[in-house]
Amino acid sequence: MLTALWLLLSFAAPGLGAYLFVTCPRGAQCQRALLSENDVLLHCNSSGAQWYYFFVKDRTRWFHNLQDVPNMEIMPDGSLLIRSPLSAQTGFYSCWDKKDVQLVQYKIDFQDVTSLHITHRGLGQVPLQNDTLSLDSKEVVFTHWEPWQDCNRCGKLGERKRLGYCYIQETLEEPMPCWLYLGDVTVWNQRLRPEMQVETCYADCTTFAGKHIVFDNFKLSEQSGSTWLTCPLGSIYRPIIWEANDVPLKWEDQLSGREVGGFLDPANGGRRLQVFQPAVYKCFVQQELMGHFNPRPDPEVLETLREDASLPQAEAAGKGKADSVLKGLKLTLLVATVLGLLGVLLKHFRPSQGSRSKQVLLVK
């Protein structure tokens, strides 16, 4: 149900999709490093466009049939939507129009988000240091940092994050994202991984309409004692914050090992939250309320509440019935008493049969 709502919201607010919108000038080749498991839209403004792709790990040939790749879809405007891309889908993506003219080509490195290295400045944690590889020459491995995202909260202290991608540079050569550079070469190195850095921030509030709020409820799993909540239209590429009963859930608390009332999923920048206790959870995307989640009452609890609510009524009904019986008994006793008194009076004032005969004889 939520998926359908998110699709409707995507149409209602095109700039606020759950994906990262990537563009490239017409006729150009653009190189980007991104994260796996996070949706991305490669822009190509040509209705009826055809897409060709080449995965660098395969190094076989260009492919055209997208039906073989279930997580790819050509949108009506010609753009290519890739849902939860795999690191194995690192490669080249080329868009052609109906006249067989190449409009744009993307070279995308989907870096493995499961190896994401996360640090928080407030905890004194530091990013990865530069390192070297020994392949054909002394290649330098470093992190290319994206700009800081906006603060995820306004009017109060919040947090902001920035993403960093693994790059390799040869001497006198332009740096390249690590797996576009390595291709099908297998290298194991702890340094070859993306990063996310977080710090405390403050931002003033602006007015938000809040027209796209999704309301839903949840129930904790009986097996695990938890459940996952997903923030509508959230993404690792934009600011997100969760609140539990109006208390913010912070990366600083989670990274320090403190109890925060939930687990922010690093693989999607906290878009998904694992909760372990009933509470009212809210999520904000770019400081705007997007999701409101209420705990679903337990059926047994509801039944108990119903029984508790019906108990006073039952007691009142029972009391009314007892009062009616008591009133009936009192009335019966009263009638019996009256009849008994009447019987005594009649017996006292009525003459006996012998006296009546005697009176009759006297009259004669």
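Which cysteine does a disulfide join to Cys44? The partner is Cys95, and the two sulfur atoms lie 1.9 Å apart. The points below take up this link and the other features of the chain.

1. Basis of the note. This is a predicted model, in which local features need pLDDT of at least 70 and side-chain atom pairs count only at pLDDT 80 or more, while totals for chains, interfaces and linings use all residues. Residues are numbered from 1 along each chain as its sequence is written, and side-chain values use heavy atoms, with hydrogens and water left out.

2. Overall make-up. The chain has 5 helices and 22 strands, where helices (H or I, at least four residues) and strands (E, at least two) are DSSP runs numbered from the N terminus. Of its 364 residues, 40% count as buried, a term that stands for under 20% relative accessible area, with exposed meaning over 50% and partly exposed what lies in between (1.4 Å probe, protein chains only). Among the contacts (heavy atoms within 4.5 Å) with a separation of 6 or more, 68% are between residues 24 or more positions apart.

3. Disulfides as a set. A search of the whole structure finds 6 disulfides, each a pair of cysteine sulfur atoms within 2.5 Å. When the bonded cysteines of the chain are numbered in sequence order, the pairing reads 1-2, 3-4, 5-9, 6-10, 7-8, 11-12.

4. Cys44 and Cys95. The torsion about the S-S bond of this pair is about -70°, so the disulfide is left-handed. Cys44 lies in the loop between strand E3 (40-42) and strand E4 (50-55), whereas Cys95 belongs to strand E7 (residues 91-96), so the link ties together parts of the chain that are 51 residues apart in sequence. Both Cys44 and Cys95 are buried.

5. Cys24 and Cys30. These two cysteines form a disulfide with their sulfur atoms 1.9 Å apart, and with 80° about the S-S bond the link is right-handed. Cys24 counts as buried because its relative accessibility is 10%, and Cys30 likewise counts as buried, at 17%.

6. Cys154 and Cys205. Here the sulfur atoms are 2.2 Å apart in a disulfide, and the link of Cys154 and Cys205 is right-handed, with 95° about the S-S bond. Cys154 sits in the loop between strand E11 (138-145) and strand E12 (158-169), and Cys205 in the loop between strand E14 (195-201) and strand E15 (214-218), so this pair ties together parts that are 51 residues apart in sequence. Cys205 has a relative accessible area of 46% and is therefore partly exposed.

7. Glu199 and Arg121. The structure holds 6 salt bridges, a salt bridge being a side-chain nitrogen of Lys or Arg within 4 Å of a carboxyl oxygen of Asp or Glu. One of them pairs Glu199 with Arg121, the closest N and O atoms being 3.0 Å apart. The pair links distant parts of the chain, with Glu199 in strand E14 and Arg121 in the loop between strand E9 (117-120) and strand E10 (131-134), 78 residues apart. Glu199 is buried, with a relative accessible area of 11%, whereas Arg121 is partly exposed at 45%.

8. Further salt bridges. The side chains of Asp246 and Lys282 meet in a salt bridge of 3.3 Å, N to O. Asp246 lies in the loop between strand E17 (240-244) and strand E18 (247-249), and Lys282 in strand E21 (residues 281-285), so the pair ties together parts that are 36 residues apart in sequence. Lys282 counts as partly exposed, its relative accessibility being 21%. Asp253 forms a salt bridge with Arg258, the closest N and O atoms being 2.8 Å apart, and Arg258 counts as partly exposed at 45% relative accessibility. Salt bridges that share partners join Arg121, Arg160 and Glu199 into one network.

9. Surface. The accessible surface of the chain comes to about 21,200 Å², of which 56% belongs to carbon and sulfur atoms; accessible areas come from the Shrake-Rupley method with a 1.4 Å probe, and for residues only the protein chains shown count as cover. Trp228, Phe263 and Phe276 make a nonpolar surface patch of about 280 Å². Patches are made of residues with over 30% relative accessible area and no salt bridge, like charges being joined within 9 Å and nonpolar side chains (Val, Leu, Ile, Met, Phe, Trp, Tyr) within 5 Å. Phe263 lies in strand E19 (residues 263-264) and, at 33% relative accessibility, counts as partly exposed.
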